[in-house]
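Here is a friendly tour to read with the model open beside you. Take it topic by topic, and look up each place as you go.

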Number of protein chains: 2
Amino acid sequence: MAKNLVLRHRPIKPHPHSLFVIKKKKKKKKASIREVVVAIAISLSTRGGGGGGVREPLLRRRRTLNTTSQIAIVGANVCPIESLDYEIVENDLIKQDWRSRTKVQIYQYIVLKWTLALLIGIITGVVGFFNNLAVENIAGFKLVLTSDLMLKRRYFSAFLVYGGCNLILATAAAAICAYIAPAAAGSGIPEVKAYLNGVDSYSMLAPSTLFVKIFGSILGVSAGFVLGKEGPMVHTGACIANLFGQGGSRKYHLTWTWLKYFKNDRDRRDLITCGAAAGVAAAFRAPVGGVLFALEEAASWWRSALLWRTFFTTAIVAVVLRALIVFCRSGKCGLFGQGGLIMFDVSQTISTYSISDLIAILALGVIGGLFGGLFNFLMDRTLHAYSIINEKGAPFKILLTIAISLITSCCSYGLPWLARCTPCPAGIQEQCPTIGRSGNYKNFHCPPGHYNDLASLFLNTNDDAIRNLFSAGTENEFHISTLVIFFTGIYCLGFITYGIAVPAGLFIPVILAGASFGRIVGTLLGTIADLDPGLFALLGAASFLGGTMRMTVSICVIILELTNDLLMLPLVMLVILISKTVADSFNKGVYDQIVIMKGLPYMEAHAEPYMRHLVAGDVVSGPLFTFSGVEKVGTIVQTLRLTGHNGFPVIDEPPLSDAPELVGLVLRSHLLVLLKRKIFTKERVKAGVGEVLQRFGKFDFAKPGSGKGLKFEDLDITEEEMEMYVDLHPITNTSPYTVVETMSLAKAAMLFRELGLRHLCVVPKTPGRPPIVGILTRHDFMPEHILGLFPHLEPHK
Amino acid sequence: MAKNLVLRHRPIKPHPHSLFVIKKKKKKKKASIREVVVAIAISLSTRGGGGGGVREPLLRRRRTLNTTSQIAIVGANVCPIESLDYEIVENDLIKQDWRSRTKVQIYQYIVLKWTLALLIGIITGVVGFFNNLAVENIAGFKLVLTSDLMLKRRYFSAFLVYGGCNLILATAAAAICAYIAPAAAGSGIPEVKAYLNGVDSYSMLAPSTLFVKIFGSILGVSAGFVLGKEGPMVHTGACIANLFGQGGSRKYHLTWTWLKYFKNDRDRRDLITCGAAAGVAAAFRAPVGGVLFALEEAASWWRSALLWRTFFTTAIVAVVLRALIVFCRSGKCGLFGQGGLIMFDVSQTISTYSISDLIAILALGVIGGLFGGLFNFLMDRTLHAYSIINEKGAPFKILLTIAISLITSCCSYGLPWLARCTPCPAGIQEQCPTIGRSGNYKNFHCPPGHYNDLASLFLNTNDDAIRNLFSAGTENEFHISTLVIFFTGIYCLGFITYGIAVPAGLFIPVILAGASFGRIVGTLLGTIADLDPGLFALLGAASFLGGTMRMTVSICVIILELTNDLLMLPLVMLVILISKTVADSFNKGVYDQIVIMKGLPYMEAHAEPYMRHLVAGDVVSGPLFTFSGVEKVGTIVQTLRLTGHNGFPVIDEPPLSDAPELVGLVLRSHLLVLLKRKIFTKERVKAGVGEVLQRFGKFDFAKPGSGKGLKFEDLDITEEEMEMYVDLHPITNTSPYTVVETMSLAKAAMLFRELGLRHLCVVPKTPGRPPIVGILTRHDFMPEHILGLFPHLEPHK
């Protein structure tokens, strides 16, 4: 039995995805002692108190540094990660607050909560619309310019203009991303997902990230990359919510004092869940889909009350979008195209299907799963490769982006030359060839009355390309060869584009690839099939989404809301279920993959099987730093300086109690506030709770936004004060969750995960020992840590 | 501080909704000691070990009996309630099982899980369709008969036929319900909700309940009552799932040995969640709505994996329904009417709306909230009144049903005489007056070429009445007076019908009342409004649903799937949010209200504010029964006989250990199995784990279906064996969750709720005391219990 395994000081296997990452430039300098201490502090800041001591982390850190090149931090600097704490700190201060809370304050809080949900909805809706509008205008202008030159048969100038515009836009996007907010690169969904699981990566939700995410996304999408605005919109929504959650931005002089109620991780989590849902709702104009996305993919904790608030937010987004679209119908929005709340309306088609269709759809599901799994694999490899380039610094990031931009421009402009010119079909309502920027029938290099079907897909915005692929009643518009070329091009561009330093969503590339593949199937079946090729394209998109993202209900509802076709629902469900099942047998979903790659310590909802063979005491590692109920100031300062632990057990010893007993847990941040105020005594005596409470306001211990709290360096303690005592009882959380050391690790993990803890105290089973054995933190439950300690365990048993 | 309050032996305030309910007939007999013991055992079976001793429950029971008449058990006998246990019992046996589990078995389990989801989907789909088909045919036949007589101007015979049919159907429904399965009365949603929260009320999911639910619902709906088949379908789905979950039915000789894997509360919970979702999907033909309903209203615990499986089940339901409907289009299904997966298709209307519409909609939301709250209040009162009648026995239940049936028949047939005859509008596509059973224009007593608009609503199936109210382009069809009469009639019939002994859903009455109210508003606005009155009816239905059920997203999606109109979504959202907010300020949602009224100990997802002022030790009440690691058989038998506790702490004492220490928790059901096998020793020694394990098969300790486990009476221990010893270690759960006695009660409640526990061990804070203070069970967290112990606490602070 694992209970008997003793394993202190067992050498620890370094893991490429370890959490302990230090900024690379420090590597070369010979570190002074002070720097080493700070570095330990940083590296430990992910760990909380208890687990890990002084010597061990140093060991680990060195080993990890050797493998830094394996750590793929896509498009972002290596940055500290902080665990979030959803536990209610029940100390004397908060109890005092509860007692003094008036009815008015409670109502104030509720009204504020709903006001914030409203504001997040409005702002996200407006930002989402602005994003759309800007892209349509910038990309539209570029495309109109290009097609004008094409009409004049000045093909090379057209390419120069097209490629040049793309290059400028791409460089601008990469530059602001690389220099202002590297955290804004990529989709942002994995980070939001990790945040909602309890992992805060530094500056991921900062105002600068928000700025870059909005404008970088506009520039990136306009630059013709094969990427979408959907993922970035989720991140944008989360950033907007976080801005409220941390009480505004002190740096940009935008602070709201009435937001102080929300300065804790629990309320912030709720806000950011709303924000993420609002982002999806704004991106897809799908309010229900947004709620379900937040529920299925983003959030780790969920309550019925939150469902309602999230729903309210997305409803507001829908209303705002609708109002703005109605406003734009009057033609005041430049090149802003086909609006309406339904983006790809296919509902005019009647969907009846036969057995042969069903077989084709099953096949589509399987193939979607295979291609989805392959896409994830290829993207993983690409990201690992790119991380080497991206780590070299901002200029390299920009160069990489430029390279991808050139490749994309060449494909988009070059590949249509492979397609033949098709005469315009007779008797259609649409213009042929298309005049202006969007439309099904691009003229490209063809003679009048003809169109180039590949150009209709490539030389268009991604949204228009999807609309063309989904369009019904256009069975013969796209040649099979065109679709094959487009599918291959988009599929490859899809996975090479994501890793560049530009806000990039994955939905659009996957939908494009899936839709073209689905249309290939539909076209191949031809008259055998009852379903329209447009509907096959829809099913193909669903199948590819299921294969890469591995979401089910939310994709289904998003597609439903995108296309306004309820009768397709059973087919869409079927195809997603098949593709997800097939792809799940190969690898994880794309967002989970990125979370792992970024080394974010994500807690899964279920315990791993091998955890059943271990007990909580097995994974606790020493030494443990504890404080006495009334502790010497010097000891506290020394401990805070030496370790980066975020929680310390407080133990009362005689004469304060009859025998040593665990009072509770005190947080580093609270200790810093207490020390800063200097409520010290000369003797080791309990200070009156009332006295301490009087010295503090209600929100002095509230958690500020990331990176804004008191730091150890802010303390200013004299030599004399070091010899004095401070009473920790008023700030000690007297109700920490505890497990006995012989508790099965699997059950301890469930407790930790379900209650959203940051620290879990492990207490001894037998009497006569110190009242606490150690503290478990998020890190102690990570497979890397456990399998490093117990290499003989089989991960799946 | 509450910590210092000592409150053992404080007299306990009886509560009308107490859990301790005993079958009434026992009340009159003078109870023998044996009976009292059994009664205590039953009453305690809801409590688990620990809380409550011998004397206290007796006291409580007596007091509770005096207030039995206050307990409203609607349409069901008073029955024992059992807590469910979602904790994994980590004893030697299960660890052995984990070690020996092969890959094949794991795959077998996964395949089985999905097969069951498939089967639940198919069966629920077929049952749902069969239900629909039967209702359409029975009610259709009745209506055709009546209208034939009306055409011949034989009005009195028509009434006799109409009322007589209703009466026969209603009596049949009430009879099978009252005599075969009283638990099948009512909606069933509250019970399913409670089950998924961890409260199993006896025979709620039994096969007999399933039978009555299906046929009782068909008869009840056909009988023309103002009730729906939706709630019963949810219960039906849950019953079907439970049939699989408990391995079939031994009583009806339907058992499947390969279902043994699912014989535990966790897997059963998952299955029943799928079943509930499938029920909604089948009732409304709304697959996504079904998933969301299960998520928002039914389930208390939720995992992403379950989302997927539930979704699969509802997708299967949708496919099955679609196939059957296509089959019925060929006319092989008798009077089965307008099919299609969309039930009330309003999508041909273009929904544009102006500011004045928006104001009307806001008003509709507020009024819907007011009427919804009032409906819940009135229903609560009615149910309390009915419970007095229903408690008198089955014949009284049937009489009550007959009375309500007569009232309903009189209203349906009598009220249309108040309406004037209207000439058929010119230039409509539909037949006027309607020939056959459904349609917008019922002739009733009117001359040819005229129709009676109130008869179109009253003398129709509920589904057809809703379809008529939702119908678009029929602005002038219904007079305002007609709508007012219909609204008043339906609203009153709605709350007086629910409490009768017939399976009864609440969705349809609420939708009918809401739709007619919405149509009143739409008609009043007339030409001022841009929206069609049919869409106003839709919004009215949404607003009433929000006001009574208090669900948000699920209602929204169900309405979306019912009506196939995505563009109405923001309006529907808005109206639901307003009505829910308004109604929430008056009372709880209708299902929550019924849960409370039935005395089901439902654990809310959040801790009540007053719990913050108490600690876990405050609510633990003694005496506590513990066992030694190797215990005398006689002691165990005696304890099992004396108490009804379901969990007992096991404590090792010297010489088995150095000091007394808590080994873990042993369950009553496991003890019974162990005692039955008689693995006893003469001396107090530890038996080898291997030896014990050899004697038991893998599933000997699996939890059987409700009421099927070993009972105390099944034991057969000789006097000699009573003096022997039994080793409890192999069956002791060595990882019970524990809290320290000074842990805040609010946090203990969160632990209990989030992890789905049945027993929570409270351990002492200071050393030198026995290693366990008591056990907290579900009951100890109930407001009645806590506020009974601490009357000075303010419930909302």
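UniProt positions are given in the numbering used here, feature names are shortened, and annotations may be inferred rather than shown by experiment. With that in mind, the UniProt annotation "domain: CBS", from an unreviewed entry, covers residues 731-794 of chain A. This is a predicted model, in which local features need pLDDT of at least 70 and side-chain atom pairs count only at pLDDT 80 or more, while totals for chains, interfaces and linings use all residues. Residues are numbered from 1 along each chain as its sequence is written, chains are lettered from A and ligands numbered from 1 in the order in which they are written, and side-chain values use heavy atoms, with hydrogens and water left out.

**Domains of chain A**

- Chain A is divided into domain 1 (98-330), domain 2 (355-420 + 460-598) and domain 3 (609-789); the bounds come from an automatic or database domain assignment.
- The C-alpha centres of domain 2 and domain 3 of chain A are 49 Å apart.
- In the span 731-794 of chain A, the end C-alpha atoms lie 43 Å apart, and the make-up is 27% helix and 16% strand. Helices (H or I, at least four residues) and strands (E, at least two) are DSSP runs, numbered from the N terminus.

- Two strands pair if DSSP finds at least two bridges between them.
- Strand 12 and strand 13 of chain B pair in the parallel sense over 3 bridges, and B:Val740 stands opposite B:Val763.
- Strand 13 (residues 760-763) and strand 14 of chain B pair in the antiparallel sense, also over 3 bridges. Here B:Val762 has B:Gly774 as its bridge partner, and B:Leu760 stands opposite B:Leu776.
- In a regular strand the side chains alternate between the two faces of the sheet. On strand 13 of chain B, B:Leu760 and B:Val762 point one way, B:Cys761 and B:Val763 the other, and all are buried (buried means under 20% relative accessible area, exposed over 50%, partly exposed in between, with a 1.4 Å probe and protein chains only).

**Helix 17 of chain B**

- Helix 17 (residues 507-525) of chain B has 19 residues, which should span 27 Å at 1.5 Å a residue, and its end C-alpha atoms agree at 27 Å apart. The expected span is 1.5 Å times one less than the number of residues.
- Of its 19 residues, 16 are buried, so helix 17 of chain B is largely enclosed by the rest of the structure.
- B:Gly526 follows helix 17 of chain B and has a positive phi, near 55°.

**Backbone spots to check**

- A cis peptide bond joins A:Pro654 and A:Pro655, with omega about 10°; A:Pro655 sits in the loop between strand 9 (647-652) and strand 10 (661-667) of chain A.
- In chain B, a cis peptide bond joins B:Pro654 and B:Pro655, with omega about 15°.
- A:Arg550 is not a glycine, but its phi is positive, near 65°. A:Arg550 is buried, with a relative accessible area of 7%.
- B:Arg153 also has a positive phi, about 65°, and is partly exposed, with a relative accessible area of 37%.
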